[in-house]
Structures are given as structure tokens and as C-alpha cells.
Amino acid sequence: MADYKDYGYQNASATHAHQYIVAPIVKLLDKNSNRCILDLGCGNGALVKTLVERGFNAYGTDASATGIQIASTFSADRFAIQDLSSDDLPEKFAQLRFDTIVSTEVIEHLYDPRKFIQFCKTILHKNGGGSVILSTPYHGYLKNLLLAIAGKWDSHANPLWDGGHIKLWSRATLSQLLEEYGFKVTDFVGCGRIPYVWKSMVIKATL
């Protein structure tokens, strides 16, 4: 994908967003029902590492070669580069039957989020269904109004940020996208900051 930007991860440290999205995600997971987890767009593997250390069976793919190289220092078997021109997972994961997909702070960067959700659906169908857990920056009328009043909109949704956010999701629009592809939204968690001015949101849906 010509417009893909590799963020050039420098180390294995968790991103700032992990401070407020990891706990809600872990709370939505259960080792008995979420037996094989794929972190789609795993970056440097920090979330996969956290999940494995907490007893979950998790793997990660990302288009960033530097991210996967860093992630593989934790466990080479659990990470692979995702070819964005392919509709399939990397060959090394071909025999795995993922029942859960987690994707954090990714969908807001995608030009074609419908293709992304279709990809998630295809992966889960191989296992007879499953769950998807997405996190993305939260947008709602109150938060957007406050950003505008404070004169922060240009910095918040800066079009000059190469590789930045190009889709601004609300609870309603992300739920609508998931429902278009046959998912049923079961959980919503706003996280980071006070209610309705949340930094991010986590949505879980089942197929």
C-alpha cells in the first residue's frame, strides 16, 4: 500500500495509549473463551507481550518491519509481517484458528475500514465465529464541541500529520460499521479522561 507509513518503532515500550486501553481490553477477555488471540496491527508487540504474560495465547501481525523485528525479540514465533496487498494472514499463522481479534488505535488510520472489518470477519469465520475488540480515539458531540471552543481542533485533527488519523469515529459510527458486517456489539468502554470526553473507546463485538 503506497500510502502506508512505517512509524519506525525505536524500542519495545508500550505506547502512551496503553496506559488507559490495556486494562479495559484485558477485562473484556476470558482465557476460556478467547483461546487464540490475534493483535492485528500489533506495532512493536507490546500488547501481545502483556497478554502472554497474563496467561493469554496471543499473536501479532503488522506491516511495520521494524515493529515486528522488535516484537520478535520477545518471541519470534508469535509475530509476523502482514502483507497489506494480501487478503491472507502470513503463512506462519495459516494453521492457527483465531477466535479473537484485537486491534488498538489502528482503524482511525485506514482509508478503507470496511475492507479491514471484512478481513477480520474472514479470519474469524475460519474458526466458526468469534470476537473482535477495537480501540480508537473517541469522538462525540460534547468532546468535539469542547475541542472547537478551546481552539484545539486543528491540532487534534491535524491534516498535516503524515500517517495521522483520517477517520474520526464515534460510538455510533464504529458500531454501525461492525453491524454492517454481521457483528453484534456487546460492550462499550470509554477510557482515559472523564466521561464523554474520553481519550479512547473500546468496543467489543461478536460474530
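User: How many strands does the open sheet have, and what is their order?
Analyst: In this predicted model, the open sheet has 7 strands in the order β3-β2-β1-β4-β5-β7-β6, and the pairing is mixed. Strands here are DSSP runs of E with at least two residues, helices are runs of H or I with at least four residues, and both are numbered from the N terminus. Two strands pair if DSSP finds at least two bridges between them.

User: Which strands stand at the edges?
Analyst: Those are β3 and β6 (184-191); each has a single partner strand, so one side of each is left without a neighbour in the sheet.

User: In what sense do β2 and β3 pair?
Analyst: Their pairing is parallel, over 3 bridges. Asp62 stands opposite Ile81 in β3.

User: Which strands does helix α4 lie across?
Analyst: Helix α4 (residues 113-125) lies across β1, β4 and β5 (131-137), and runs at about 155° to β4. Such angles run from 0 to 180 degrees between N-to-C directions, with axes fitted to C-alpha atoms, for helices over the stretch in contact; contact means heavy atoms within 4.5 Å.

User: Changing topic, which residues of α2 are buried?
Analyst: In helix α2 (residues 46-53), they are Ala46, Leu47, Val48 and Leu51. Buried means under 20% relative accessible area, with a 1.4 Å probe and protein chains only.

User: What do they pack against?
Analyst: The buried residues of α2 pack against α1 (18-27), β1 (37-40), β2 (58-62), β3 (79-81) and β4 (100-104).

User: What follows α2?
Analyst: Gly55 follows α2, and its phi is positive, near 95°.

User: On what basis are residues numbered and features included?
Analyst: Residues are numbered from 1 along each chain as its sequence is written. Local features need pLDDT of at least 70, side-chain atom pairs count only at pLDDT 80 or more, totals for chains, interfaces and linings use all residues, and side-chain values use heavy atoms, leaving out hydrogens and water.

Technical notes. Buried means under 20% relative accessible area, exposed over 50%, partly exposed in between (1.4 Å probe, protein chains only).
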